[in-house]
Amino acid sequence: MKTSTLPDAPRAGRLKKWALWIVLILVIAWSFTGMPLLQIKDNAVEVAGAMFSGLIHPDWGYVWTGDGEDLVSTLLQTIAIAFIGTFISAIISLPFAFWAANTKHKNWLVSRSGKIILTAIRTFPEIVLALMFIKAVGPGAFAGVLAVGVHSVGMLAKLFSEAIENMDGGAGESVIAAGGNRLDVTMLASFPQLLPEFVSNTLYRFELAIRSASILGIIGAGGIGTPLIFAISARAWNRVGIILLGIILMVTLVDYVSGAIRKRLV
Amino acid sequence: MAELPKKPFAWQKWVLGVVMVVGLIVSAQATGTNLPMFFQNFGQFTIIFQQMLAPDWSYTAYVIDPLIETIKMAILGTIIGSVLAFPYALLVARNIVTNKWVVGIFRFILNVIRTIPDLLLAAIFVAIVGIGPVAGVITLAIFTFGMVGKLFYEAVETIDEGPIEAIKAAGAGKLEIIRFAVIPQVSNYFVSYVLYAFEINVRASTVLGYLGAGGIGVFLQRALSQFRYDRVGLMVLVIFVVVLVIDYVSGKLREALI
């Protein structure tokens, strides 16, 4: 019996594949150049060990002290920053979303300019924004709220505008066919279609805002980040451990609840 | 005339509404939110913004090197994280590993990693390995691992089971199944996810330096602490251009792949 061999892949395809691999390897090799990969602190292992032992022996006494600087209070403040920040950004996002949505009644240039502005907002580093707000309103959670509120617009308005673009036009046409005016179309056709989508997007953004809010404290914008950065610079690893556990628990809980609500919505 | 059926009383909506309002009031108090105060001080904010709108162009020559370092950090972090995530994703995919315990435990670890924000990882790794781009690369690698690992295993779980059964029937072992039945089905998705992670990493890497993890963030932090907002404006602009270019290139590559 003759064993048959598989035919070779087409030559042009193979060449392209090889070229891509070579380019990729060259890019990676280039990235390694100038990287001081061996320049690691002498006591790195020691510090990592201390940190690990701090993680498994967390400072339980810090969970609740009642002075407002403890873990539970700052975690709740973090959630509050994300909550009100996301709420503000949802309100700001609405007009931006209608601006940037590329619907058929609108000039292409208008929606294009809206999209570019949203990209600019998304790219503007949140930390820089928070520092600017700290200059305006002083250090504290309020600066964090403003930073989350403005920064989230970039992504939230983009998601909103995509929901508007994907909206089914049929419902609106039926309202017009039944004798409705523009307001009826908005209230009876567009609004009921968009609302669940908007709420779902906002919840998703809230999950991300929780993560932002827990790091903005590093620069003094309130929340759990402030005690964390103090604990790291004081090398109080037991406290770092309990704060990390707290953040992981908080994010997991918020993700779970928000995910469950989102599943029921859409 | 026929009446429309009445809507059932939607108590859930009311509960949600009340929770929202109470949440807003409590949050406003806990954070000291005071919008009138913000609008009073709005001048302060616009002054900074105006300074940023007049970028210090002469500083461009100084930010090119850290910018390249940032991109290198993003590339290395993406590659290392993705390479580690690939076998891990196979380990936590239910259709590859059938042991419930193994899947459950390793998925739990992946989920825990995914909850830690990137800057927080940076703060920790700067403390461990010291100031410099190495801390940034490790941070981005772990961040990518969490993000891509989840996307990978979800892709693996949605593949067509037919080819697996076919080569299993022909006597293939686990490795052969992965090589000939799984990888050909998911490789395009994987590449697309890696590019997506790279786009996110470029954005993330620009601020990691703020905590000492290398790249342009180091210069950003320096300019901010010296109140040189004209330089900050320049760097924000440069970052914006780089992100746009990389998003465009990566988007084109992804389109070409799928």
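**Briefing: chains A and B**

I84(A) sits in helix α3 of chain A, which covers residues 71-100. The model is a predicted one. Chain A is built from ten helices and zero strands. It meets chain B in a contact that takes 47 residues from chain A and 48 residues from chain B.

**I84(A) and its surroundings**
- I84(A) counts as buried, because it has 28 C-beta neighbours inside 10 Å, and the cut-off for buried is 20 or more.
- D184(A) lies 100 residues from I84(A) along the chain, and the C-alpha atoms of the two are separated by 31 Å.

**Overall form of chain A**
- From the N terminus on, the elements run α-α-α-α-α-α-α-α-α-α.
- Chain A is more spread out than a compact globule, because its radius of gyration is 26 Å, well over the 18 Å that the globule rule gives for 266 residues.
- Along the principal axes, the C-alpha atoms of chain A fill a box of roughly 75 × 70 × 45 Å.
- Of the 266 residues in chain A, 38% are buried.
- Take the contacts in chain A between residues at least 6 apart in sequence: 71% of them join residues at least 24 apart.

**The contact between the chains**
- Chain A brings 47 residues to the contact, and chain B brings 48 residues.
- On the side of chain A that touches chain B, helix α5 (residues 126-137) gives the most, with eight residues.
- That side of chain A divides into 36 nonpolar, eight polar and three charged residues.

**Two loop residues with positive phi**
- R235(A) is not a glycine, yet it has a positive phi of about 55°.
- R235(A) is found in the loop between α9 (225-233) and α10 (237-265) of chain A.
- R235(A) counts as partly exposed, because it has 13 C-beta neighbours inside 10 Å.
- F227(B) is not a glycine either, and has a positive phi of about 55°.
- In chain B, F227(B) lies in the loop between α10 (216-225) and α11 (229-257).
- F227(B) has 12 C-beta neighbours inside 10 Å, so it counts as exposed; the cut-off for exposed is 12 or fewer.

Technical notes. Residues are numbered from 1 along each chain as its sequence is written. Chains are lettered from A and ligands numbered from 1 in the order in which they are written. This is a predicted model: local features need pLDDT of at least 70, side-chain atom pairs count only at pLDDT 80 or more; totals for chains, interfaces and linings use all residues. Helices (H or I, at least four residues) and strands (E, at least two) are DSSP runs, numbered from the N terminus. The radius of gyration is taken over C-alpha atoms; the globule rule is 2.2 Å times the number of residues to the power 0.38. Two residues are in contact if their C-beta atoms, placed from the backbone, lie within 7 Å. Ala, Val, Leu, Ile, Met, Phe, Trp, Tyr, Cys and Pro count as nonpolar, Asp, Glu, Lys and Arg as charged, and the others, Gly among them, as polar.
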